[in-house]
Amino acid sequence: MDWQAFEISMMLAVLTCVALLPLGLTIAYFLAKSRFVGRGVIEAIITLPLVLPPTVLGYFLLVGMDNHSALGGLFVTLTGHSLAFSFIGLWFASIIYSLPFAVQPMLRSLEEIAPEIREAAWCSGLSKWKTFFKIELPLAWPGIITAMVLSFSHTLGEFGVVLMIGGNIAGETRTLSIAIYDSVLAFDHQQAQTMSYVLLAIALITISIVYTFNRKQSRMVGI
Amino acid sequence: MLELNLQQSYPNQLNVNLRCEAGEVLALVGPSGAGKSSVLRCIAGLNSPQKGIIKCKDQTWFNSDSKINKTPQQRRVGMVFQNYALFPHLTVIDNIKLALDTHSSSLLKQAEQLLDQVNLSGLEQRYPHQLSGGQQQRVALARALARRPEVLLLDEPFSAVDKVTRRKLYMELNTLRRELDMPVILVTHDLDEAAMLADSLCVIHQGKTLQQGPPEQVLYQPDNIAIARQVDARNVFSGQLVKYDGALTLRWFDYYINVDKSMGFSDGQTVFWTLSPSKVLLHQRVRRSRGEYENPLVGTICEMIVLRGITTLLVRIENTQGTVLQMDLPEHVAMRNDLAIGEIISVSLLAAAIHLMEE
(Lines give C-alpha, C1' and ligand atoms only; values in the text may rest on other atoms or scores of the structure.)
Protein backbone atom coordinates (compact mmCIF):
# COMPACT_ATOMS: atom_id res chain seq x y z
CA MET A 1 0.00 0.00 0.00
CA ASP A 2 1.42 3.35 -1.10
CA TRP A 3 0.44 5.51 1.89
CA GLN A 4 2.13 8.56 0.40
CA ALA A 5 -0.09 8.29 -2.70
CA PHE A 6 -3.09 7.75 -0.43
CA GLU A 7 -2.23 10.95 1.47
CA ILE A 8 -1.84 12.93 -1.79
CA SER A 9 -5.16 11.60 -3.09
CA MET A 10 -7.01 12.43 0.11
CA MET A 11 -5.46 15.88 0.36
CA LEU A 12 -6.28 16.60 -3.28
CA ALA A 13 -9.89 15.43 -2.86
CA VAL A 14 -10.43 17.42 0.34
CA LEU A 15 -8.86 20.62 -1.02
CA THR A 16 -10.84 20.29 -4.27
CA CYS A 17 -14.05 20.05 -2.21
CA VAL A 18 -13.00 23.04 -0.12
CA ALA A 19 -12.53 25.10 -3.28
CA LEU A 20 -15.64 23.78 -5.03
CA LEU A 21 -18.03 24.49 -2.17
CA PRO A 22 -17.96 28.30 -2.50
CA LEU A 23 -17.14 28.29 -6.22
CA GLY A 24 -19.81 25.75 -7.19
CA LEU A 25 -22.40 27.37 -4.94
CA THR A 26 -21.75 30.81 -6.40
CA ILE A 27 -22.03 29.54 -9.97
CA ALA A 28 -25.12 27.43 -9.19
CA TYR A 29 -26.82 30.32 -7.37
CA PHE A 30 -26.09 32.68 -10.24
CA LEU A 31 -27.41 30.21 -12.80
CA ALA A 32 -30.49 29.35 -10.73
CA LYS A 33 -31.45 33.00 -10.36
CA SER A 34 -30.75 34.37 -13.80
CA ARG A 35 -32.38 33.91 -17.14
CA PHE A 36 -30.24 35.35 -19.92
CA VAL A 37 -29.28 34.61 -23.47
CA GLY A 38 -26.22 32.40 -23.43
CA ARG A 39 -27.08 30.65 -20.17
CA GLY A 40 -27.07 27.38 -22.07
CA VAL A 41 -23.55 28.06 -23.35
CA ILE A 42 -22.27 28.75 -19.84
CA GLU A 43 -23.89 25.57 -18.55
CA ALA A 44 -22.39 23.64 -21.47
CA ILE A 45 -18.89 24.97 -20.71
CA ILE A 46 -19.23 23.94 -17.06
CA THR A 47 -20.50 20.49 -18.05
CA LEU A 48 -17.83 19.99 -20.73
CA PRO A 49 -15.35 18.12 -18.45
CA LEU A 50 -18.07 15.50 -17.98
CA VAL A 51 -18.09 14.51 -21.63
CA LEU A 52 -14.55 15.36 -22.79
CA PRO A 53 -11.99 12.53 -22.77
CA PRO A 54 -9.78 13.22 -19.70
CA THR A 55 -6.72 13.22 -21.93
CA VAL A 56 -8.18 16.00 -24.08
CA LEU A 57 -9.05 18.08 -21.04
CA GLY A 58 -5.64 17.27 -19.58
CA TYR A 59 -3.94 18.38 -22.78
CA PHE A 60 -5.69 21.78 -22.82
CA LEU A 61 -4.96 22.28 -19.13
CA LEU A 62 -1.33 21.36 -19.70
CA VAL A 63 -1.09 23.91 -22.49
CA GLY A 64 -2.80 26.48 -20.26
CA MET A 65 -0.35 25.83 -17.44
CA ASP A 66 2.73 26.04 -19.60
CA ASN A 67 5.29 28.52 -18.33
CA HIS A 68 4.85 30.57 -21.50
CA SER A 69 1.08 30.80 -21.13
CA ALA A 70 -0.64 33.64 -19.23
CA LEU A 71 -1.67 31.51 -16.26
CA GLY A 72 1.52 29.42 -16.10
CA GLY A 73 3.68 32.51 -16.58
CA LEU A 74 1.90 34.38 -13.79
CA PHE A 75 2.35 31.41 -11.45
CA VAL A 76 6.07 31.23 -12.21
CA THR A 77 6.43 34.98 -11.60
CA LEU A 78 4.61 34.75 -8.27
CA THR A 79 6.10 31.54 -6.89
CA GLY A 80 9.17 30.77 -8.95
CA HIS A 81 7.78 27.28 -9.62
CA SER A 82 6.12 25.74 -12.64
CA LEU A 83 2.34 25.16 -12.36
CA ALA A 84 2.34 22.01 -14.48
CA PHE A 85 3.59 18.87 -12.74
CA SER A 86 3.01 20.41 -9.31
CA PHE A 87 0.42 19.67 -6.62
CA ILE A 88 -1.09 23.15 -7.04
CA GLY A 89 -1.46 22.53 -10.79
CA LEU A 90 -3.08 19.20 -10.07
CA TRP A 91 -5.44 20.89 -7.59
CA PHE A 92 -6.39 23.51 -10.17
CA ALA A 93 -7.05 20.82 -12.77
CA SER A 94 -9.14 18.81 -10.31
CA ILE A 95 -11.32 21.85 -9.61
CA ILE A 96 -12.04 22.25 -13.32
CA TYR A 97 -12.47 18.51 -13.84
CA SER A 98 -14.92 18.10 -10.94
CA LEU A 99 -16.77 21.39 -11.44
CA PRO A 100 -19.82 19.83 -13.17
CA PHE A 101 -20.15 17.29 -10.36
CA ALA A 102 -20.37 20.16 -7.89
CA VAL A 103 -22.49 22.62 -9.87
CA GLN A 104 -25.19 20.32 -11.25
CA PRO A 105 -26.58 18.92 -7.95
CA MET A 106 -26.39 22.35 -6.31
CA LEU A 107 -28.12 23.99 -9.26
CA ARG A 108 -30.86 21.37 -9.30
CA SER A 109 -31.59 21.72 -5.60
CA LEU A 110 -31.60 25.54 -5.78
CA GLU A 111 -33.92 25.47 -8.77
CA GLU A 112 -36.33 23.20 -6.91
CA ILE A 113 -37.00 25.90 -4.31
CA ALA A 114 -40.30 27.53 -5.28
CA PRO A 115 -39.88 31.29 -5.90
CA GLU A 116 -42.76 31.98 -3.47
CA ILE A 117 -40.72 30.49 -0.60
CA ARG A 118 -38.03 33.07 -1.24
CA GLU A 119 -40.62 35.83 -1.62
CA ALA A 120 -42.40 34.74 1.55
CA ALA A 121 -39.07 35.14 3.36
CA TRP A 122 -38.63 38.67 2.00
CA CYS A 123 -42.20 39.56 2.95
CA SER A 124 -41.42 38.19 6.42
CA GLY A 125 -38.68 40.79 6.67
CA LEU A 126 -35.67 38.57 5.97
CA SER A 127 -32.85 40.24 4.06
CA LYS A 128 -31.50 38.53 0.93
CA TRP A 129 -28.49 37.21 2.86
CA LYS A 130 -30.64 35.96 5.72
CA THR A 131 -33.00 34.35 3.20
CA PHE A 132 -30.00 32.59 1.68
CA PHE A 133 -28.60 31.29 4.95
CA LYS A 134 -31.87 30.48 6.74
CA ILE A 135 -34.06 29.31 3.86
CA GLU A 136 -32.24 28.58 0.62
CA LEU A 137 -29.11 26.95 2.02
CA PRO A 138 -30.95 24.52 4.33
CA LEU A 139 -33.36 23.61 1.53
CA ALA A 140 -30.52 23.11 -0.95
CA TRP A 141 -28.49 21.13 1.61
CA PRO A 142 -29.08 17.67 0.09
CA GLY A 143 -27.83 18.99 -3.26
CA ILE A 144 -24.78 20.53 -1.62
CA ILE A 145 -23.92 17.30 0.22
CA THR A 146 -24.36 15.32 -3.00
CA ALA A 147 -22.15 17.81 -4.82
CA MET A 148 -19.39 17.51 -2.23
CA VAL A 149 -19.48 13.74 -2.07
CA LEU A 150 -19.47 13.37 -5.85
CA SER A 151 -16.62 15.86 -6.22
CA PHE A 152 -14.66 14.05 -3.52
CA SER A 153 -15.08 10.59 -5.05
CA HIS A 154 -14.54 11.86 -8.57
CA THR A 155 -11.31 13.63 -7.63
CA LEU A 156 -10.13 10.57 -5.76
CA GLY A 157 -10.61 8.37 -8.80
CA GLU A 158 -9.34 10.69 -11.53
CA PHE A 159 -6.58 9.27 -13.67
CA GLY A 160 -6.25 10.67 -17.16
CA VAL A 161 -6.08 14.32 -16.18
CA VAL A 162 -3.67 13.57 -13.34
CA LEU A 163 -1.36 11.71 -15.64
CA MET A 164 -1.38 14.54 -18.18
CA ILE A 165 -0.98 17.42 -15.70
CA GLY A 166 0.87 15.90 -12.80
CA GLY A 167 2.80 13.09 -14.30
CA ASN A 168 3.90 10.64 -11.67
CA ILE A 169 6.04 12.45 -9.10
CA ALA A 170 6.11 10.65 -5.77
CA GLY A 171 5.05 12.88 -2.87
CA GLU A 172 3.86 15.60 -5.23
CA THR A 173 1.49 14.33 -7.92
CA ARG A 174 1.38 10.56 -7.58
CA THR A 175 -2.20 9.80 -6.50
CA LEU A 176 -3.67 6.44 -5.53
CA SER A 177 -5.08 5.74 -8.98
CA ILE A 178 -1.66 6.43 -10.57
CA ALA A 179 -0.05 4.21 -7.97
CA ILE A 180 -2.47 1.39 -8.88
CA TYR A 181 -1.57 1.79 -12.54
CA ASP A 182 2.14 1.73 -11.63
CA SER A 183 1.72 -1.41 -9.57
CA VAL A 184 -0.07 -3.20 -12.35
CA LEU A 185 2.68 -2.24 -14.81
CA ALA A 186 5.20 -3.60 -12.31
CA PHE A 187 3.17 -6.85 -11.98
CA ASP A 188 2.62 -6.05 -8.27
CA HIS A 189 -0.98 -7.24 -8.26
CA GLN A 190 -1.14 -7.61 -4.49
CA GLN A 191 -0.44 -3.89 -4.00
CA ALA A 192 -2.80 -2.91 -6.84
CA GLN A 193 -5.56 -5.02 -5.32
CA THR A 194 -5.20 -3.51 -1.83
CA MET A 195 -5.28 0.04 -3.16
CA SER A 196 -8.23 -0.77 -5.45
CA TYR A 197 -10.16 -2.15 -2.47
CA VAL A 198 -9.41 1.05 -0.54
CA LEU A 199 -10.80 3.21 -3.37
CA LEU A 200 -13.80 0.89 -3.75
CA ALA A 201 -14.56 1.15 -0.01
CA ILE A 202 -14.29 4.94 -0.03
CA ALA A 203 -16.55 5.20 -3.09
CA LEU A 204 -19.15 2.90 -1.54
CA ILE A 205 -19.16 4.71 1.80
CA THR A 206 -19.46 8.17 0.28
CA ILE A 207 -22.26 7.23 -2.10
CA SER A 208 -24.12 5.51 0.76
CA ILE A 209 -23.83 8.73 2.76
CA VAL A 210 -25.46 10.66 -0.10
CA TYR A 211 -28.41 8.27 -0.42
CA THR A 212 -28.98 8.00 3.33
CA PHE A 213 -28.80 11.74 3.85
CA ASN A 214 -31.05 12.58 0.92
CA ARG A 215 -33.69 10.11 2.03
CA LYS A 216 -33.62 11.49 5.58
CA GLN A 217 -33.90 15.05 4.35
CA SER A 218 -36.77 14.18 1.96
CA ARG A 219 -38.65 12.58 4.84
CA MET A 220 -38.14 15.70 6.91
CA VAL A 221 -39.58 18.13 4.39
CA GLY A 222 -42.18 15.66 3.17
CA ILE A 223 -41.09 15.47 -0.44
CA MET B 1 -55.00 53.52 4.87
CA LEU B 2 -53.61 52.14 1.63
CA GLU B 3 -53.89 54.05 -1.59
CA LEU B 4 -52.50 53.09 -4.92
CA ASN B 5 -52.40 53.96 -8.55
CA LEU B 6 -50.56 51.60 -10.86
CA GLN B 7 -49.91 51.91 -14.58
CA GLN B 8 -48.15 49.28 -16.61
CA SER B 9 -48.18 48.06 -20.17
CA TYR B 10 -45.61 45.25 -19.93
CA PRO B 11 -45.47 42.28 -19.18
CA ASN B 12 -49.17 42.57 -18.41
CA GLN B 13 -51.48 45.55 -18.68
CA LEU B 14 -52.27 47.34 -15.40
CA ASN B 15 -54.42 50.39 -14.83
CA VAL B 16 -55.36 50.20 -11.20
CA ASN B 17 -56.79 52.65 -8.71
CA LEU B 18 -57.51 51.39 -5.22
CA ARG B 19 -58.16 52.68 -1.76
CA CYS B 20 -58.50 50.60 1.36
CA GLU B 21 -59.09 52.05 4.82
CA ALA B 22 -57.57 50.66 8.01
CA GLY B 23 -59.71 47.81 9.33
CA GLU B 24 -61.46 47.42 5.97
CA VAL B 25 -61.43 44.20 3.96
CA LEU B 26 -61.27 44.94 0.25
CA ALA B 27 -61.81 42.05 -2.14
CA LEU B 28 -60.17 42.23 -5.55
CA VAL B 29 -62.33 40.12 -7.82
CA GLY B 30 -61.93 39.16 -11.42
CA PRO B 31 -61.28 36.18 -13.65
CA SER B 32 -57.96 34.31 -13.73
CA GLY B 33 -55.28 36.37 -15.42
CA ALA B 34 -57.11 39.65 -14.70
CA GLY B 35 -54.08 41.02 -12.87
CA LYS B 36 -55.31 40.59 -9.28
CA SER B 37 -52.16 38.85 -8.07
CA SER B 38 -49.97 41.35 -9.95
CA VAL B 39 -51.57 44.14 -7.91
CA LEU B 40 -50.80 42.30 -4.67
CA ARG B 41 -47.23 41.68 -5.78
CA CYS B 42 -46.81 45.39 -6.55
CA ILE B 43 -48.11 46.30 -3.09
CA ALA B 44 -45.75 43.79 -1.48
CA GLY B 45 -42.80 45.12 -3.48
CA LEU B 46 -42.24 41.85 -5.32
CA ASN B 47 -43.06 43.54 -8.65
CA SER B 48 -42.52 47.14 -9.66
CA PRO B 49 -45.04 48.78 -11.95
CA GLN B 50 -43.78 51.06 -14.71
CA LYS B 51 -45.61 54.06 -13.28
CA GLY B 52 -47.61 54.88 -10.22
CA ILE B 53 -47.81 55.57 -6.54
CA ILE B 54 -48.35 53.27 -3.57
CA LYS B 55 -48.94 54.96 -0.24
CA CYS B 56 -49.54 53.32 3.09
CA LYS B 57 -50.46 55.48 6.08
CA ASP B 58 -48.14 58.43 5.78
CA GLN B 59 -45.39 56.54 3.98
CA THR B 60 -44.72 56.33 0.27
CA TRP B 61 -43.74 52.80 -0.68
CA PHE B 62 -43.54 53.43 -4.38
CA ASN B 63 -43.44 56.54 -6.50
CA SER B 64 -42.19 56.27 -10.06
CA ASP B 65 -41.79 60.05 -10.40
CA SER B 66 -39.58 60.50 -7.35
CA LYS B 67 -37.94 57.07 -7.88
CA ILE B 68 -39.02 55.68 -4.53
CA ASN B 69 -39.27 51.90 -4.50
CA LYS B 70 -39.05 50.31 -1.08
CA THR B 71 -38.05 46.65 -0.85
CA PRO B 72 -40.51 44.05 0.51
CA GLN B 73 -38.41 44.02 3.70
CA GLN B 74 -38.94 47.78 4.17
CA ARG B 75 -42.68 47.73 3.50
CA ARG B 76 -44.06 45.74 6.44
CA VAL B 77 -46.61 43.73 4.53
CA GLY B 78 -48.10 40.48 5.69
CA MET B 79 -48.72 38.22 2.75
CA VAL B 80 -50.51 34.90 2.57
CA PHE B 81 -49.54 33.20 -0.67
CA GLN B 82 -51.91 31.06 -2.70
CA ASN B 83 -50.07 27.86 -1.78
CA TYR B 84 -49.03 29.34 1.57
CA ALA B 85 -45.26 29.11 0.82
CA LEU B 86 -44.45 27.85 4.31
CA PHE B 87 -40.78 27.11 4.96
CA PRO B 88 -40.84 23.31 4.61
CA HIS B 89 -37.72 22.65 6.70
CA LEU B 90 -38.96 24.60 9.72
CA THR B 91 -41.54 23.67 12.33
CA VAL B 92 -44.73 25.68 12.69
CA ILE B 93 -43.34 27.70 15.57
CA ASP B 94 -40.05 28.37 13.74
CA ASN B 95 -41.94 29.50 10.64
CA ILE B 96 -43.58 32.17 12.76
CA LYS B 97 -40.53 33.04 14.86
CA LEU B 98 -38.56 33.80 11.72
CA ALA B 99 -41.04 36.51 10.76
CA LEU B 100 -41.10 38.08 14.22
CA ASP B 101 -38.96 41.08 15.01
CA THR B 102 -35.57 39.59 15.83
CA HIS B 103 -34.86 42.19 18.49
CA SER B 104 -37.83 41.11 20.47
CA SER B 105 -37.00 39.41 23.76
CA SER B 106 -40.14 37.29 24.02
CA LEU B 107 -40.04 35.58 20.61
CA LEU B 108 -41.51 32.29 21.76
CA LYS B 109 -44.32 33.90 23.73
CA GLN B 110 -45.32 36.11 20.79
CA ALA B 111 -45.25 33.18 18.38
CA GLU B 112 -47.44 31.13 20.72
CA GLN B 113 -49.91 34.01 21.03
CA LEU B 114 -50.16 34.22 17.24
CA LEU B 115 -50.76 30.50 16.97
CA ASP B 116 -53.45 30.79 19.60
CA GLN B 117 -55.03 33.62 17.62
CA VAL B 118 -55.40 31.35 14.58
CA ASN B 119 -56.52 28.36 16.70
CA LEU B 120 -53.40 26.30 16.15
CA SER B 121 -52.08 25.83 19.68
CA GLY B 122 -50.60 22.38 20.20
CA LEU B 123 -49.17 22.04 16.69
CA GLU B 124 -46.02 24.09 17.36
CA GLN B 125 -43.55 21.30 16.66
CA ARG B 126 -45.17 19.96 13.49
CA TYR B 127 -43.62 20.46 10.07
CA PRO B 128 -45.75 21.99 7.28
CA HIS B 129 -46.10 18.66 5.44
CA GLN B 130 -47.64 17.18 8.58
CA LEU B 131 -50.49 19.70 8.51
CA SER B 132 -53.79 19.73 6.64
CA GLY B 133 -54.48 22.43 4.05
CA GLY B 134 -56.57 24.44 6.51
CA GLN B 135 -53.87 24.24 9.19
CA GLN B 136 -51.24 25.34 6.68
CA GLN B 137 -53.37 28.34 5.78
CA ARG B 138 -53.64 29.28 9.46
CA VAL B 139 -49.85 29.05 9.88
CA ALA B 140 -49.40 31.25 6.80
CA LEU B 141 -51.83 33.76 8.30
CA ALA B 142 -50.06 33.72 11.68
CA ARG B 143 -46.71 34.21 9.92
CA ALA B 144 -48.12 37.11 7.92
CA LEU B 145 -49.39 38.74 11.11
CA ALA B 146 -46.13 38.11 12.97
CA ARG B 147 -44.51 41.13 11.39
CA ARG B 148 -47.23 43.43 12.69
CA PRO B 149 -47.92 44.39 9.10
CA GLU B 150 -49.32 47.70 7.99
CA VAL B 151 -51.20 45.91 5.20
CA LEU B 152 -52.39 42.32 5.09
CA LEU B 153 -52.49 40.74 1.64
CA LEU B 154 -54.34 37.49 1.05
CA ASP B 155 -53.78 35.90 -2.37
CA GLU B 156 -56.58 33.39 -3.01
CA PRO B 157 -56.11 32.02 0.50
CA PHE B 158 -58.98 29.57 0.31
CA SER B 159 -58.35 28.05 -3.10
CA ALA B 160 -56.19 25.17 -1.87
CA VAL B 161 -58.62 23.80 0.73
CA ASP B 162 -61.76 21.70 0.46
CA LYS B 163 -65.22 23.24 0.73
CA VAL B 164 -65.91 22.17 4.31
CA THR B 165 -62.59 23.56 5.55
CA ARG B 166 -63.18 26.68 3.51
CA ARG B 167 -66.43 27.44 5.27
CA LYS B 168 -64.72 26.99 8.64
CA LEU B 169 -61.88 29.31 7.61
CA TYR B 170 -64.38 31.96 6.42
CA MET B 171 -65.84 32.04 9.93
CA GLU B 172 -62.41 32.23 11.50
CA LEU B 173 -61.30 35.05 9.23
CA ASN B 174 -64.50 36.91 9.95
CA THR B 175 -63.79 36.69 13.68
CA LEU B 176 -60.11 37.50 13.30
CA ARG B 177 -60.68 40.55 11.11
CA ARG B 178 -62.44 42.36 13.95
CA GLU B 179 -59.11 42.35 15.79
CA LEU B 180 -57.16 43.67 12.80
CA ASP B 181 -56.65 47.37 12.42
CA MET B 182 -54.85 47.42 9.08
CA PRO B 183 -56.17 47.42 5.50
CA VAL B 184 -56.76 43.86 4.33
CA ILE B 185 -56.75 43.05 0.61
CA LEU B 186 -58.23 39.73 -0.40
CA VAL B 187 -57.73 38.43 -3.91
CA THR B 188 -60.33 35.96 -5.05
CA HIS B 189 -62.21 34.89 -8.14
CA ASP B 190 -65.12 33.67 -6.03
CA LEU B 191 -67.78 36.39 -5.87
CA ASP B 192 -69.72 34.72 -3.06
CA GLU B 193 -66.55 34.50 -0.99
CA ALA B 194 -65.81 38.17 -1.68
CA ALA B 195 -69.36 39.27 -0.83
CA MET B 196 -69.27 37.27 2.39
CA LEU B 197 -65.91 38.45 3.71
CA ALA B 198 -65.32 41.91 2.29
CA ASP B 199 -66.54 45.39 3.18
CA SER B 200 -65.94 46.49 -0.35
CA LEU B 201 -65.38 44.88 -3.71
CA CYS B 202 -63.19 46.01 -6.53
CA VAL B 203 -63.76 44.45 -9.93
CA ILE B 204 -60.65 44.06 -12.02
CA HIS B 205 -60.60 42.92 -15.62
CA GLN B 206 -57.66 42.78 -18.03
CA GLY B 207 -55.57 44.67 -15.49
CA LYS B 208 -58.05 47.51 -15.12
CA THR B 209 -60.08 48.34 -12.02
CA LEU B 210 -63.64 48.80 -13.17
CA GLN B 211 -65.64 49.58 -10.04
CA GLN B 212 -65.06 49.70 -6.31
CA GLY B 213 -67.80 49.87 -3.70
CA PRO B 214 -69.80 47.93 -1.12
CA PRO B 215 -70.57 44.35 -2.29
CA GLU B 216 -74.32 45.00 -2.64
CA GLN B 217 -73.65 47.98 -4.85
CA VAL B 218 -71.05 46.34 -7.10
CA LEU B 219 -73.00 43.10 -7.46
CA TYR B 220 -76.45 44.56 -7.99
CA GLN B 221 -75.77 48.06 -9.29
CA PRO B 222 -72.82 47.67 -11.64
CA ASP B 223 -71.75 50.83 -13.44
CA ASN B 224 -71.96 49.30 -16.88
CA ILE B 225 -72.66 46.12 -18.79
CA ALA B 226 -68.98 45.05 -18.76
CA ILE B 227 -68.94 45.09 -14.96
CA ALA B 228 -72.32 43.35 -14.86
CA ARG B 229 -70.79 40.53 -16.90
CA GLN B 230 -67.74 40.35 -14.62
CA VAL B 231 -69.87 40.07 -11.48
CA ASP B 232 -72.05 37.50 -13.20
CA ALA B 233 -75.17 39.65 -12.78
CA ARG B 234 -78.28 37.66 -13.55
CA ASN B 235 -81.31 39.25 -15.23
CA VAL B 236 -79.48 41.64 -17.54
CA PHE B 237 -81.70 42.94 -20.35
CA SER B 238 -81.83 45.89 -22.69
CA GLY B 239 -84.71 48.34 -23.05
CA GLN B 240 -85.57 51.88 -23.98
CA LEU B 241 -86.44 54.79 -21.73
CA VAL B 242 -89.64 56.55 -22.73
CA LYS B 243 -91.88 59.17 -21.18
CA TYR B 244 -95.07 57.50 -19.96
CA ASP B 245 -97.65 59.31 -17.85
CA GLY B 246 -95.16 62.13 -17.42
CA ALA B 247 -92.43 59.90 -15.91
CA LEU B 248 -89.44 58.14 -17.45
CA THR B 249 -90.39 54.52 -17.85
CA LEU B 250 -88.52 51.53 -19.18
CA ARG B 251 -89.98 50.03 -22.28
CA TRP B 252 -89.15 46.33 -22.38
CA PHE B 253 -90.78 44.50 -25.29
CA ASP B 254 -94.45 45.59 -24.93
CA TYR B 255 -94.21 46.27 -21.20
CA TYR B 256 -93.80 49.65 -19.55
CA ILE B 257 -91.75 49.13 -16.41
CA ASN B 258 -91.60 51.73 -13.67
CA VAL B 259 -88.15 52.57 -12.39
CA ASP B 260 -87.43 54.64 -9.28
CA LYS B 261 -84.09 56.00 -10.40
CA SER B 262 -83.54 57.13 -13.95
CA MET B 263 -79.84 57.84 -13.04
CA GLY B 264 -79.41 60.75 -15.43
CA PHE B 265 -80.58 58.82 -18.47
CA SER B 266 -82.86 60.64 -20.89
CA ASP B 267 -85.98 60.01 -22.93
CA GLY B 268 -85.43 57.77 -25.92
CA GLN B 269 -82.12 56.35 -24.69
CA THR B 270 -81.43 52.63 -25.06
CA VAL B 271 -80.11 51.19 -21.79
CA PHE B 272 -79.28 47.92 -20.11
CA TRP B 273 -81.09 47.10 -16.94
CA THR B 274 -80.60 44.53 -14.25
CA LEU B 275 -82.52 43.29 -11.25
CA SER B 276 -81.34 40.99 -8.49
CA PRO B 277 -83.24 37.65 -8.57
CA SER B 278 -84.14 38.22 -4.93
CA LYS B 279 -85.98 41.41 -5.88
CA VAL B 280 -88.49 39.64 -8.10
CA LEU B 281 -91.61 39.08 -6.01
CA LEU B 282 -93.93 36.12 -6.41
CA HIS B 283 -97.63 36.90 -6.32
CA GLN B 284 -99.22 34.60 -3.81
CA ARG B 285 -101.71 32.45 -5.58
CA VAL B 286 -104.24 32.32 -2.74
CA ARG B 287 -104.05 35.77 -1.22
CA ARG B 288 -103.44 38.75 -3.45
CA SER B 289 -101.45 41.72 -2.17
CA ARG B 290 -100.82 45.34 -3.03
CA GLY B 291 -97.41 44.52 -4.49
CA GLU B 292 -99.06 43.01 -7.50
CA TYR B 293 -99.58 46.42 -9.01
CA GLU B 294 -95.84 47.02 -9.18
CA ASN B 295 -94.53 45.99 -12.62
CA PRO B 296 -96.60 42.80 -12.89
CA LEU B 297 -95.51 40.09 -15.34
CA VAL B 298 -96.79 36.63 -16.11
CA GLY B 299 -94.66 33.68 -17.10
CA THR B 300 -94.16 29.93 -17.09
CA ILE B 301 -91.67 28.18 -14.80
CA CYS B 302 -89.21 26.39 -17.06
CA GLU B 303 -86.62 25.34 -14.46
CA MET B 304 -86.32 25.05 -10.69
CA ILE B 305 -83.02 24.64 -8.83
CA VAL B 306 -82.90 24.22 -5.05
CA LEU B 307 -79.67 24.96 -3.21
CA ARG B 308 -79.33 25.36 0.55
CA GLY B 309 -82.85 26.56 1.21
CA ILE B 310 -83.04 28.90 -1.79
CA THR B 311 -85.11 27.96 -4.82
CA THR B 312 -84.03 29.59 -8.06
CA LEU B 313 -86.77 29.74 -10.64
CA LEU B 314 -86.27 30.36 -14.35
CA VAL B 315 -89.48 31.95 -15.60
CA ARG B 316 -90.20 32.39 -19.31
CA ILE B 317 -92.07 35.72 -19.44
CA GLU B 318 -95.05 36.06 -21.75
CA ASN B 319 -94.78 38.32 -24.79
CA THR B 320 -90.98 38.67 -24.54
CA GLN B 321 -89.90 36.32 -27.32
CA GLY B 322 -89.02 33.64 -24.78
CA THR B 323 -86.90 35.79 -22.48
CA VAL B 324 -86.15 34.05 -19.19
CA LEU B 325 -86.19 35.88 -15.86
CA GLN B 326 -84.44 34.44 -12.81
CA MET B 327 -85.87 34.75 -9.32
CA ASP B 328 -84.77 33.45 -5.92
CA LEU B 329 -87.27 32.38 -3.30
CA PRO B 330 -86.94 30.77 0.10
CA GLU B 331 -87.60 27.06 -0.37
CA HIS B 332 -90.62 27.10 1.94
CA VAL B 333 -92.30 29.82 -0.15
CA ALA B 334 -91.88 27.70 -3.28
CA MET B 335 -93.36 24.73 -1.46
CA ARG B 336 -96.27 26.63 0.06
CA ASN B 337 -97.25 27.95 -3.38
CA ASP B 338 -96.99 24.49 -4.94
CA LEU B 339 -94.57 25.74 -7.57
CA ALA B 340 -93.51 23.26 -10.21
CA ILE B 341 -92.03 23.27 -13.70
CA GLY B 342 -94.71 24.21 -16.25
CA GLU B 343 -96.80 26.21 -13.75
CA ILE B 344 -97.87 29.71 -14.76
CA ILE B 345 -97.08 32.34 -12.15
CA SER B 346 -97.28 36.09 -11.92
CA VAL B 347 -94.50 38.20 -10.47
CA SER B 348 -93.61 41.81 -9.73
CA LEU B 349 -90.36 43.59 -10.43
CA LEU B 350 -89.48 45.93 -7.57
CA ALA B 351 -89.13 49.37 -9.13
CA ALA B 352 -86.65 50.50 -6.47
CA ALA B 353 -84.32 47.59 -7.26
CA ILE B 354 -84.20 48.06 -11.02
CA HIS B 355 -80.77 49.32 -11.94
CA LEU B 356 -80.09 51.03 -15.26
CA MET B 357 -76.72 50.87 -16.98
CA GLU B 358 -75.19 52.32 -20.07
CA GLU B 359 -73.70 50.09 -22.69
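Q: What covers the buried residues of H3(B)?
A: The cover includes H7 of chain A, together with helix H4 (107-117) and H5 of chain B. This is a predicted model, where local features need pLDDT of at least 70, side-chain atom pairs count only at pLDDT 80 or more, and totals for chains, interfaces and linings use all residues; side-chain values use heavy atoms, with hydrogens and water left out. Residues are numbered from 1 along each chain as its sequence is written, while chains are lettered from A and ligands numbered from 1 in the order in which they are written.

Q: What makes H3(B) mostly covered?
A: Six of its eight residues are buried. Buried means under 20% relative accessible area (exposed is over 50%, partly exposed lies in between; 1.4 Å probe, protein chains only). The buried residues in H3(B) are Val92(B), Ile93(B), Asn95(B), Ile96(B), Leu98(B) and Ala99(B).

Q: Why are Asp94(B) and Lys97(B) called partly exposed?
A: Asp94(B) has a relative accessible area of 30%. Lys97(B) has 26%.

Q: What makes Asp94(B) and Lys97(B) a salt bridge?
A: The term needs a side-chain nitrogen of Lys or Arg within 4 Å of a carboxyl oxygen of Asp or Glu. In this pair the closest N and O atoms are 3.8 Å apart. The pair therefore qualifies. Both residues lie in helix H3 of chain B, three residues apart, or about one turn of the helix. A helix here is a DSSP run of H or I with at least four residues, numbered from the N terminus (strands are E, at least two).

Q: Why are H3(B) and H5(B) called roughly parallel?
A: The axes of helix H3 (residues 92-99) and helix H5 (residues 133-146) of chain B cross at roughly 25° and come within 7 Å. Angles under 35 degrees count as roughly parallel (over 145 is roughly antiparallel, 65 to 115 roughly perpendicular, the rest oblique). H3(B) and H5(B) are therefore roughly parallel to each other. Axes are lines fitted to C-alpha atoms, for helices over the stretch in contact, and angles run from 0 to 180 degrees between N-to-C directions.

Q: Which residues make the contact of H3(B) with H5(B)?
A: Val92(B), Asn95(B), Ile96(B) and Ala99(B) of H3(B) meet Val139(B), Ala142(B), Arg143(B) and Ala146(B) of H5(B). Contact means heavy atoms within 4.5 Å.

Q: Which residues link with Arg118(A) in a network of salt bridges?
A: Lys33(A) and Glu136(A) do. Arg118(A) in H6(A) and Glu136(A) in H7(A) are also among the residues where these two helices meet.

Q: How many salt bridges are there over all chains?
A: The count comes to 13.
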